[in-house]
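I opened the notebook today to look up how two parts of one protein chain sit against each other. My entries follow in the order in which I checked things.

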Amino acid sequence: MVRELTHYIGGARVDGTSGRFSDVYNPSTGEVQARLPLASKDEVSEAIANAEKGQAEWAAMNPQRRGRILLKFVDLANRHMDELAEMLSSEHGKTFADSKGDVQRGLEVVEFSAGAAPHLLKGEFSDSVGTGIDVHSLRKPLGVVAGISPFNFPAMIPLWQAGPALAAGNAFICKPSERDPSVPLRLAELLTEAGLPDGVFNVVNGDKEAVDALLEDPRVKAIGFVGSTPIAQYIYATAAEHGKRAQCFGGAKNHMVILPDADMDMAADALIGAGYGSAGERCMAISVAVPVGEKTADALVAKLQERIKDLRVGAGMDPEVDFGPVVTGAAKERIEGYIAAGAEEGADLVVDGRGHTVEGHENGFWVGPTLFDRVTKDMSIYKDEIFGPVLSVVRATDYDEALRLCSEHEFGNGVAIFTRDGDAARDFASRVEVGMVGVNVPIPVPIAYYTFGGWKASGFADLNQHGPDAFRFFTKTKTVTTRWPSGVRQGASFIMPAGS
Ligand code: NAD
């Protein structure tokens, strides 16, 4: 049976009225499981009006009270973890265990935001900056803000955006991916159950029309975006055109350098998990391995080949499975197209994941683990983000060449180095032109109280996601200069007051 999905506006589920819909698939079966309404400009406007109403009450609450409601939500979401993870897995395709991780990493940011808000919203105070004059600053919420999120982390990314935004006293409009919108809708219900006032968290489902309505409406003060680079650039430019702040995070091509002294088993295990986990559909997935020296490369490729043989690909809810299907039939076609292109361009196709089948799930969107060796810089499989279970090995002759490769790539989201040499690792972490670095850690996604953000074509933003940056992004500063009558008449002054 095909379910009918809704929006979530003003504290309740609301049916779509635009007459436009999109299909939500179960990638493990290839079947359409739900119909998603795509919001019109008027429906987005209605959500913004509700958000404005709710925001006033929410902002008037002190930050500790707001935090308690958010912590109650975290508790509720934890109690509904299995339900959320199963829902997530059925629309995205990632395994049940990985889906729990998706929800958990999102909740960690809400938890941090709830606890840290009273501290991070504190202003500054200076006394006696002039005779009898004090200055203090205040951090105020922006009002109504919105988050536009990608399909690959349908719980984590909306919560990374909403957690700090809400804790800072804003109302939030979530525009989830059309591929897997059910978890954000369920999270909205849990927020209401936790005591969030109506209208403070809304979900509008939709496509470009809804996104453009959010970008163009002057009542929306800031936009958080995570998705592919061309759309990130579009959102960044359009938000600026409409006078609002934006933080936009885009695609990635994450390298992992393996020096000759690395623990090779540790490096190979890390590559298998980071390259193929979640079918390679993570913005911090490793898609390029850069072994230094032919001997290192030969040893690494042999170990990868051995491990790939044991990988189990299947339905997300099968507990025996290492990774699930890719998200749509179109994604499968695109990934298979890149595999064909890589072979044509002259890379060694060591393991070919095309034509993978899973018994009982013949129509699922399967791509098996794929390994290319001797990939070069000019090939499309090196230049482009493939976003599938495809790992490319680019052999480097020395450390400097490996460092240059990572730094010169168009994208700069994450990078890792595997070595036992502390000096080399320190040099690499300091000089590489990439936003997030792992030393013997393949997916260096920073914890909630640090910030997350890539460089170059991976991020268009002055401030990163979560951590203290998010509070700066979702607040504006007001500076108050105060003098009280002291009884001493000073008379009118006609010169610009200065500190001297
Ligand atoms: P996408 O860019 O296709 O979609 C992201 C969002 O933008 C969705 O909500 C979608 O509805 C909306 N959108 C799509 N086309 C639009 C248009 N023309 N105008 C306005 N809005 C539009 O991305 P995706 O396929 O859902 O997600 C995968 C991408 O996200 C990958 O490139 C991945 O690297 C990236 N990603 C980046 C990060 C990061 O932090 N840098 C994290 C996760 C995912």
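I looked up the buried area first, meaning the accessible area (1.4 Å probe) that two parts lose on being put together, summed over both, and found that domain 1 and domain 2 bury about 1800 Å² between them, with 62% of it on carbon and sulfur atoms. On the side of domain 1, P27, S28 and S458 lose the most area to domain 2, and together they make up 27% of what that side buries.

I noted that this is a predicted model, in which local features need pLDDT of at least 70 and side-chain atom pairs count only at pLDDT 80 or more, while totals for chains, interfaces and linings use all residues. Residues are numbered from 1 along each chain as its sequence is written, and side-chain values use heavy atoms, with hydrogens and water left out.

I then checked the bounds, which come from an automatic or database domain assignment: domain 1 covers 3-250 + 458-480, and domain 2 covers 254-439. The centres of the two domains, taken over C-alpha atoms, are 31 Å apart.

Next I looked up contacts (heavy atoms within 4.5 Å), and found 20 residues of domain 1 in contact with 24 residues of domain 2.

Last, I searched for salt bridges, where a side-chain nitrogen of Lys or Arg lies within 4 Å of a carboxyl oxygen of Asp or Glu. The count between domain 1 and domain 2 is one, and I also recorded that the side chains of R282 and D98 meet in a salt bridge, at 3.1 Å from N to O.
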